[in-house]
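Reader: Hey, can you walk me through this one? I'm new to reading structures.
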Amino acid sequence: MHKEFPAIERRHGFLSATGLKLIALAAMTIDHIAVYCFQFELVLQFREQLRLVGRIAAPLFLFCVVESVRHTKSRKKYLLRLYIAAVVTGTANLLAGELLHCSFGGILHSLVWAVVFILLTDGAVEKFRSREYGKALLNIVILLGIVALTDVLAAFPKLSSPPLSAVRYVLFSTLTGTEYSLVFVLTGVLMYFAPGKVAQGAIIALLGVVSLFASPGWPPVLEFIGAGQWTIVFAAPFIWLYNGQRGANLKYFFYLYYPLHQYALAAIAALGITLRT
């Protein structure tokens, strides 16, 4: 198991993991107001600024997931819980989308990918350190096999057309098609192996700086550091203020709020359009 960073570094901050999640939640809500309610004149006027504020949400959520992997009593149970949340949310997204005539994104599958990469990479590193090179190689083969399997399944014509495409959307996303892209997933791995919160925040800050030079023409695989993502740099100070504590146990609140607030905003937008017509 990867070593935790020094306790002295953890004490230098006042934000718990729950505090970070609440900040990410607020930023995400602001972002989604711009996504779903741009029909309102005031939102449309400040839409770009609202979306820039929302960019700090994804790296903060990723950081909290990395911390959860470090501290959970059972990594397998944590991964299973996160995957179940992704499947349930994906199902609800489809149903709500049909009702509200809207499509809803989902970062949970991206976080699942990040945890899968972390666990298998960490396992390979530990086996390599123990000079169990065969087992280390097996972990890498399993990881590459999972990636290849999702791509192969997605390539089947029957799985690419309704209604099976909806089932595939709910059960898994390909690594190349996941929200925020491969860069997001690999960022989670880098943060896990970083020596402490300062280094983890520096990784996000560096990616934000890289995003300053991004152009709209960058390929989808670089989505996390694409044009307009530069404000992820402002997630770094919040990470540096993390105190290493979990805080209040609100995990089910976060799982519920994530999809429900999107549906509420989409419903408000639909109601606004109806009233105007």
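Author: One term to start with: a helix here is a DSSP run of H or I with at least four residues, numbered from the N terminus. By that count, S181 is found in helix 10. Keep in mind that this is a predicted model.

Reader: Ok, and is S181 buried or exposed?
Author: S181 has a relative accessible area of 1%, so it is buried, as that is under the 20% cut-off.

Reader: What's up with its phi?
Author: The phi of S181 is positive, about 75°, although S181 is not a glycine. Most residues other than glycine have a negative phi. Y180 also has a positive phi, near 75°, and isn't a glycine either.

Reader: Where does Y180 lie?
Author: In the loop between helix 9 (164–171) and helix 10. Y180 is buried, with a relative accessible area of 9%.

Reader: Back to helix 10. At what angle does it cross helix 5?
Author: Roughly 45°, with the axes of helix 5 (residues 57–71) and helix 10 (residues 181–193) coming within 10 Å. Helix 5 and helix 10 are therefore oblique to each other, and their crossing is right-handed.

Reader: Which residues make the contact?
Author: On helix 5, they include L62, F63 and V66, and on helix 10, F184 and M191 are among them. By class, the contact has 8 nonpolar, 2 polar and 1 charged residues.

Reader: New topic: what does D151 touch?
Author: Leaving out residues up to four places away in sequence, D151 touches T174 and T176. D151 lies in helix 8 (residues 133–155) and counts as partly exposed, at 33% relative accessibility.

Technical notes:
Residues numbered from 1 in each chain as written. Predicted model: local features only at pLDDT ≥ 70, side-chain atom pairs only at ≥ 80, totals over all residues. Heavy atoms only, no water. Helix = DSSP H or I, 4+ residues; strand = E, 2+ residues; numbered from the N terminus. Buried < 20%, exposed > 50% of the residue type's maximum accessible area, 1.4 Å probe, protein only. Contact = heavy atoms within 4.5 Å. Axes fitted to C-alpha atoms, helices over the stretch in contact; angles between N-to-C directions. Parallel < 35°, antiparallel > 145°, perpendicular 65-115°, else oblique. Left-handed = near helix turned anticlockwise from the far one by under 90°. Nonpolar A, V, L, I, M, F, W, Y, C, P; charged D, E, K, R; others polar.
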